[in-house]
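Reader: Could you take me through this structure step by step, so that I can follow it while looking at the picture?

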2 protein chains.
Amino acid sequence: MIQERLALLRRAMAEKGLDAYLIPQADYHGSEYVGDHFKIRAFFSGFTGSAGTLAVTAKKAGLWTDSRYFLQAEAELAGTGIDLYRMGQEGVPTLDAFLKAELPPEGTLGADGRMVSAARGLELEKKLPGRTLAFSEDLAGLLWTDRPPLPKAPVFILEERYAGKSAREKLAQLREQMGEAEVHLLTALDQIAWLLNIRGGDVQCNPVPLAYGLVERERMLLFIDREKLSPAVMDYLTGLQVEVRPYEAIGEALDGCAGKRVLLSTKEVNYALYSRLAGCAEIVDKDSPVLHAKAVKDPVEQENLRRAHVKDGVALAKLLYQLKTGRGPQTETAVAAEIDALRREQEGCIGPSFTTIAGYGPHAAIVHYHATEDSSIPLERKGLLLLDSGGQYYEGTTDVTRTIALGPVTAEEKKHFTLVLQGMLDLSAAVFPKGCCGFHLDALARSPLWRQGLDFGHGTGHGIGYMLCVHEPPIGFSFRRTARYDTERLLPGMVISDEPGVYIEGSHGVRIENQLLCRESDMPGFFCFETLTLVPIDRDAIDLKWLDAAGRERLDAYHQRVYAAIAPHLTEDERRWLKEATRPL
Amino acid sequence: MIQERLALLRRAMAEKGLDAYLIPQADYHGSEYVGDHFKIRAFFSGFTGSAGTLAVTAKKAGLWTDSRYFLQAEAELAGTGIDLYRMGQEGVPTLDAFLKAELPPEGTLGADGRMVSAARGLELEKKLPGRTLAFSEDLAGLLWTDRPPLPKAPVFILEERYAGKSAREKLAQLREQMGEAEVHLLTALDQIAWLLNIRGGDVQCNPVPLAYGLVERERMLLFIDREKLSPAVMDYLTGLQVEVRPYEAIGEALDGCAGKRVLLSTKEVNYALYSRLAGCAEIVDKDSPVLHAKAVKDPVEQENLRRAHVKDGVALAKLLYQLKTGRGPQTETAVAAEIDALRREQEGCIGPSFTTIAGYGPHAAIVHYHATEDSSIPLERKGLLLLDSGGQYYEGTTDVTRTIALGPVTAEEKKHFTLVLQGMLDLSAAVFPKGCCGFHLDALARSPLWRQGLDFGHGTGHGIGYMLCVHEPPIGFSFRRTARYDTERLLPGMVISDEPGVYIEGSHGVRIENQLLCRESDMPGFFCFETLTLVPIDRDAIDLKWLDAAGRERLDAYHQRVYAAIAPHLTEDERRWLKEATRPL
């Protein structure tokens with residue numbers, strides 16, 4: 001079937017004179033998660049992973065993906081004739097090297113320019129001198145006959161008691177920050193939603209509508225499917241001098257920017273839109289001021305977040321009670337279903353903030369494991385269960401990981417659990433001067449692991465939106481410099497996860513994650529973190545040999561806070577259990 | 001007097017058609033310390049600090065320097081008509097902004113191109129469009145009538161029992177690393193000295209000769225004053241296929257590079273030399289392979305360094321014994337003289353590796369304080385004395401700071417001392433994965449201070465040469481990204497200082513510095529540090545309230561090592577004192 005689809009694509013490529021065609025996993029907005037409408041790469045390759053790019057030439061087809069997906073891609077690509085290129089492995093050519101080698105000197109590379117960022121398109125122009133980029137047509141998409149339509153979830157207003165600042169204020173502030181630019185092109189879905197205090201449901205787990213925005217001095221144009229807007233929302237937008245245009249009309253509207261100064265970020269805006277701005281007076285290429293404004297949570301948002309975390313803590317305490325007393329769900333998928341259900345029972349929760357990860361035993365060592373009916377294994381009364389989940393509440397977005405001892409655990413498992421805990425606590429207790437970036441603090445979480453010759457391959461933490469994306473740029477903690485965590489300064493009001501881990505392939509995995517709020521400390525010029533998450537950490541998995549005195553004190557104090565906040569919302573039995581679970585070490 | 005000199009300079013500028021003239025503090029090699037011959041800026045401004053640039057126009061004269069020198073510059077510039085531009089202070093224009101504002105649109109900026117790096121010259125070209133850089137003549141230098149001559153210290157060979165690898169091996173390795181470049185221009189004095197296993201005495205505290213090097217495939221040209229070379233050294237160089245040319249002949253030699261590929265670093269090579277390479281086929285602008293090779297100490301060098309630190313520890317123990325028992329020197333300058341003398345008594349020590357810093361009481365809060373006859377204050381039997389000093393030994397370069405309680409110290413002084421100690425010990429005990437940079441680890445030293453709302457403005461540590469410069473790029477620990485400490489990876493064999501501090505203006509200062517050797521840990525893929533320095537840390541200044549259990553253990557273990565290594569080389573009385581000074585906490 002894949003082979004037939006590729007044959008179809010190759011015929012169309014030949015007709016259009018394309019020597020190669022690129023199909024990334026993307027939507028038109030650079031979103032992390034994409035809807036079914038955009039899963040063209042899966043349609044033409046069979047590979048369903050969340051990251052990976054397909055490149056097709058007349059003779060060859062290759063898929064580039066990272067180590068998380070090597071096994072899955074191998075299985076899904078079997079028999080398709082598509083070669084798997086394992087990114088990062090020694091000797092494996094990069095996609096760009098492949099394109100350079102396979103494209104004739106004056107060849108043409110095709111792609112849907114809406115699925116490629118402007119920055120990436122410009123990079124390809126540079127790296128492929130002499131070649132032509134034909135990035136204007138959705139050639140592959142047009143061949144997809146039963147393609148799912150674009151989503152049409154209704155838009156709703158996030159009231160100011162949740163959002164804090166009004167959209168009017170946010171627009172006014174943005175217009176001030178636009179400097180000399182007359183127009184600001186916004187395409188990141190969470191930025192548009194944040195700016196207008198609206199939410200939607202067009203992207204899985206991210207409550208955002210598909211839309212583009214053009215902010216001018218006096219009005220804003222919002223490009224969105226009008227069917228998603230109720231009369232009340234229409235009135236609300238009109239009141240903000242926001243004019244609604246069809247989603248597809250963004251291209252033509254950009255033609256109207258001729259002669260103007262346009263502010264945009266080539267990292268975010270897609271190549272097709274960027275290309276239509278050739279006639280504008282100047283492109284000011286930098287981060288949208290919204291990116292930074294959104295990262296700093298308003299005092300109202302902060303206060304709401306504290307409430308959301310009580311609810312989140314209650315949902316998790318109920319699940320932990322079940323699991324620790326042996327009356328809980330019996331499989332990985334059942335655990336995921338149960339925590340999702342318990343969250344939805346909380347008032348103001350509209351669903352998960354990402355697909356729950358519930359990995360038992362060796363599955364916990366697979367960092368991006370998602371249990372399916374096929375993979376799900378029964379839980380036994382021993383070993384470690386890793387549960388990483390979060391909710392979307394009107395009061396904010398949560399993201400929490402706990403690793404739970406389902407019965408006896410080995411000395412090694414306890415050692416790893418405790419070292420991860422020490423690192424998580426050390427980072428959360430950091431005090432640091434104004435000017436500090438997440439990069440500066442990363443080693444605090446890793447040091448206890450490093451000292452035992454352990455480490456983990458993922459970042460230590462990421463920014464988190466407010467009822468928006470669970471992974472929110474630009475801040476986070478990282479050892480690597482690939483993200484911007486080495487240049488973006490931590491500021492009071494920012495919310496970041498703190499989630500070190502240890503993963504032993506084929507054996508077990510540990511991750512413990514709390515959500516931190518950056519705040520002023522009581523010492524001038526120094527900031528600190530407030531832990532927002534209120535979920536007990538499994539004392540049964542701790543070996544005190546690996547926890548220092550400060551760590552013990554911190555955990556005891558944390559558990560006291562957890563009990564005080566959560567206990568009032570539990571049943572008698574649950575409360576009794578929680579008392580035990582949070583008693584001092 | 002300064003005004004007369006400036007008038008002279010302005011007349012010469014007018015004759016040459018120069019609208020502005022720059023006089024930095026530099027030699028022709030980008031050295032950190034410069035000899036008297038190069039102190040032109042002091043001659044024309046009166047300002048004698050080690051960092052700062054003078055800019056002169058027909059009407060204005062300004063001096064740019066950093067916060068270390070604000071007070072000194074203010075005093076020294078008084079009455080000269082030169083304006084002080086305090087770098088880094090808000091509202092103070094940068095030198096480049098000044099030049100842009102003061103130079104006419106088609107104006108000409110003059111300077112001695114040998115005193116400006118190529119990178120800086122190219123930057124000025126970019127920042128001053130339309131203007132001409134006349135960087136070929138030493139206009140100011142020529143007006144300096146009683147200018148001290150270039151130094152003529154004899155060159156000596158550093159035997160292989162000290163240097164480890166032979167110069168022949170080093171040259172062979174360098175030629176391999178030169179890749180497609182046919183010529184490598186070396187101008188950093190320590191790189192030339194390291195490569196050829198020679199040393200000299202042309203720069204204060206840095207045992208290097210003034211020289212340029214041109215490494216070709218079959219031979220190397222060394223541009224150096226032949227008077228510095230004994231027949232034995234000449235023979236040695238001839239044996240290495242090194243041909244000696246006059247120091248001044250480097251320029252003409254570069255004309256001979258026409259049509260060739262030349263490897264050089266624009267960060268190191270001066271603008272005048274760079275400009276003479278216009279005719280070469282290609283300039284490969286990157287770090288010299290020598291920079292990185294030199295940073296990784298050979299096993300022979302490592303073993304020698306351990307020996308050098310025993311000697312250094314003996315010299316310091318003798319001084320500490322005097323100071324702690326009240327029979328030591330009585331002023332700051334006397335302390336500096338005494339430690340310099342005690343070091344010179346050690347076999348193989350040729351002098352200090354930098355000007356000793358001995359600051360008592362409030363003077364210790366001035367980070368780059370050097371006591372002079374005028375400033376030196378008598379030591380009392382109370383408070384803290386900060387002593388930062390080092391030696392040049394055939395077995396390597398040392399750099400150590402101790403802060404010493406001369407009698408009773410306040411609770412605050414003890415707190416600061418202990419927090420600094422905790423940070424120093426935490427960093428020295430770090431275990432970290434391959435790939436780590438100094439930047440990653442910096443927070444380990446600062447965290448104990450940050451937690452109390454304290455910090456320090458200098459880097460946490462710097463690379464150290466082997467009988468070369470005490471500040472050796474490219475590695476170090478820093479919070480800032482101005483150095484390359486965020487990209488240069490720590491490798492086994494590298495030697496770095498670990499020197500956090502606290503400075504309370506007008507009151508006291510604390511710094512504790514050990515020298516660390518990066519090594520493989522016993523866990524594959526992880527590195528750690530061996531502490532080279534062997535000098536007791538003053539127990540009398542410790543408040544155990546601020547030192548954690550791990551810190552105590554580390555200090556006790558360290559003191560045991562110190563006693564075992566140093567005691568055999570002391571007198572009976574000194575040994576008895578050291579036993580007490582290194583007893584467990």
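**Overall form of chain A**

Author: In this predicted model, chain A has 585 residues, for which a compact globule would have a radius of gyration near 25 Å, and the value for chain A agrees, since it is 25 Å.

Reader: How many helices and strands are there in chain A?

Author: The C-alpha atoms of chain A fill a box of roughly 70 × 55 × 40 Å along the principal axes, and 53% of the 585 residues count as buried. Among contacts between residues at least 6 apart in sequence, 67% join residues at least 24 apart. As for the elements themselves, the count for chain A is 19 helices and 28 strands.

**The two chains together**

Reader: Which element gives the most to the side of chain A that touches chain B?

Author: Contacts between the chains involve 20 residues of chain A and 20 residues of chain B. On the side of chain A, at least two residues each come from strand S21 (431-433), helix H17 (438-450) and helix H18 (549-566). With seven residues, the element that gives the most is H17(A).

Reader: How many nonpolar residues does the side of chain A that touches chain B have?

Author: There are 20 residues of chain A in contact with chain B, and they can be sorted by class. Three of the residues on this side are polar and four are charged, while the number of nonpolar residues is 13.

Reader: What relation does the superposition of chain A on chain B show?

Author: Chain A is superposed on chain B, with an RMSD of 0.1 Å, by a rotation of 180 degrees with 0.2 Å of shift along the axis. The same surface serves both copies, as 100% of the contact residues of chain A recur in chain B.

Reader: Which strands stand at the edges of the six-stranded open sheet in chain A?

Author: This sheet has mixed pairing and the order S12-S11-S10-S8-S13-S14, and its neighbouring strands are turned by 20 degrees against each other on average, direction ignored. Inside that order, strand S8 (residues 183-186) and strand S10 (residues 212-215) of chain A run antiparallel and are joined by three bridges, with His184(A) opposite Val215(A). A strand with a single partner has one side left without a neighbour in the sheet, so the edges are S12 (242-245) and S14 (282-285) of chain A.

Reader: Why is strand S27 of chain B largely enclosed by the rest of the structure, and how many of its residues are buried?

Author: S27(B) runs antiparallel to strand S24 (residues 495-498) of chain B, with four bridges between them, and also antiparallel to strand S28 (residues 526-531) of chain B, with five bridges. Leu516(B) has Thr531(B) as its bridge partner in S28(B), and in the hairpin of S27(B) and S28(B), Gly525(B) takes a positive phi near 85 degrees. Strand S27 (residues 514-520) of chain B has seven residues, and it is largely enclosed by the rest of the structure because the number of them that are buried is five.

Definitions and conventions:
Residues are numbered from 1 along each chain as its sequence is written. Chains are lettered from A and ligands numbered from 1 in the order in which they are written. This is a predicted model: local features need pLDDT of at least 70, side-chain atom pairs count only at pLDDT 80 or more; totals for chains, interfaces and linings use all residues. Two residues are in contact if their C-beta atoms, placed from the backbone, lie within 7 Å. Ala, Val, Leu, Ile, Met, Phe, Trp, Tyr, Cys and Pro count as nonpolar, Asp, Glu, Lys and Arg as charged, and the others, Gly among them, as polar. Copies are superposed by least squares on the C-alpha atoms of residues with pLDDT of at least 70 in both. Two strands pair if DSSP finds at least two bridges between them. Axes are lines fitted to C-alpha atoms, for helices over the stretch in contact, and angles run from 0 to 180 degrees between N-to-C directions. A residue is buried if 20 or more other C-beta atoms lie within 10 Å of its own, exposed if 12 or fewer, and partly exposed in between; C-beta atoms are placed from the backbone. The radius of gyration is taken over C-alpha atoms; the globule rule is 2.2 Å times the number of residues to the power 0.38.
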